[in-house]
Amino acid sequence: MTSKIKMFPGTPLSEEDFTEGNVLFNVDQMRGDFAWDTGVAIGAYLAALKEGMLLGARCATCRRTVVPPRLVCEWCFRPMVDYVPLQDTGTVNTFSLCYVTWDVQRIKEPEIPAVIEIDGASPLHGIMHKIGEVEPEKVHIGMRVKAVWRPPSDRVGAITDILHFKPIEEV
Amino acid sequence: MSLLERDLSAPGSWSGSLPVTSRYSYGLAGERFFRAIKDEGRLYGTHCPKCHRTYVPATSFCERCLSELNEWIDVGLAGEVHTFTLLYVNLDGTPRQTPEIVAFIHIEDGGLVHRISEIQPEELEIGHKVEAVLKPQAERSGSILDIRYFKPVHRQE
């Protein structure tokens, strides 16, 4: 439809109009500061990450272990009372090779975001993280991976306390 | 685990900042309005002959009858305080000792929101005649801040 329109109504502006001062304009920067309450479950999860541990929560009724932990089981709506430490290993459930950064800059070496099913959590339960120390073309679904942690002194209680997951060398 | 059992040593909140930047061009009428401030040091309005209204800042269309406006008139630099407020807090939230006065200044059938200065807050009244104090031409950039502030007009004795 729009391809048939030769001239759009209005006054188009190009980047040069701004850089060469053809038009007056106002540049502004708003402050978008925010603080998000971590709550009980994610607070405990982040505190555990600082200690170098992945924390899950277990629903005794549904016999299900989830990660990250949450206060209420979304299957049966009962409180999740048991917080359990999980392994820092897992299996790639799905992944992507991403050739743009979050602010849309092209990159040569792709980032590899993946969903990783964590060992100790129920099947198909996992977290999203990056995969590293691997040739992008060798990543596959079902690949076994292990977390690479920041040194303890650098950890702040964030998901980035895990730098990435790297493949486990099969022996 | 209940809310009362919250681990107080755990990270309580997650802080961040969203980068939000904007670049706003003033449009056809706005461009001409701000150019006039920058180059001539004058305020312009547009007049609708059908509705007998003069819009300040100048607009391309009459907001009442939607007809296109081509009659640009110099409305002078003076206006009347329509309403005002005293600000005791800076933009960054720090307190101010002396308040800043911000007012809506009625000019013709429109007006501008701007600072008022050269008057004590307790002397200012609604209806006060004020006029724009402009920056010297070399410092003007085509912004509403090319008007430094509005100052009271003292009646000719």
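User: What is the bridge partner of A:N26 in β1(B)?
Analyst: The partner is B:Y24. This is a predicted model, in which local features need pLDDT of at least 70, side-chain atom pairs count only at pLDDT 80 or more, and totals for chains, interfaces and linings use all residues. Residues are numbered from 1 along each chain as its sequence is written, chains are lettered from A, and side-chain values use heavy atoms, without hydrogens and water.

User: Why are β1(A) and β1 of chain B said to pair?
Analyst: Strands pair if DSSP finds at least two bridges between them. β1(A) and strand β1 (residues 13–25) of chain B have 13 bridges, in the antiparallel sense, so they pair. A strand here is a DSSP run (E, at least two residues).

User: What makes the meeting of B:R23 and A:E15 a salt bridge?
Analyst: The term requires a side-chain nitrogen of Lys or Arg within 4 Å of a carboxyl oxygen of Asp or Glu. The side chains of B:R23 and A:E15 meet at 3.0 Å, N to O, so the pair qualifies. The count between chain A and chain B is 1 salt bridge.

User: How much area is buried between chain A and chain B?
Analyst: About 2700 Å², with 59% from carbon and sulfur atoms. Buried area is the accessible area (1.4 Å probe) that two parts lose on being put together, summed over both. In chain A, A:L24, A:F34 and A:V40 lose the most to chain B, together 26% of what that side buries.

User: How many residues does the contact take from each chain?
Analyst: Chain A gives 34 residues and chain B gives 29, contact meaning heavy atoms within 4.5 Å.

Methods: Helix = DSSP H or I, 4+ residues; strand = E, 2+ residues; numbered from the N terminus.
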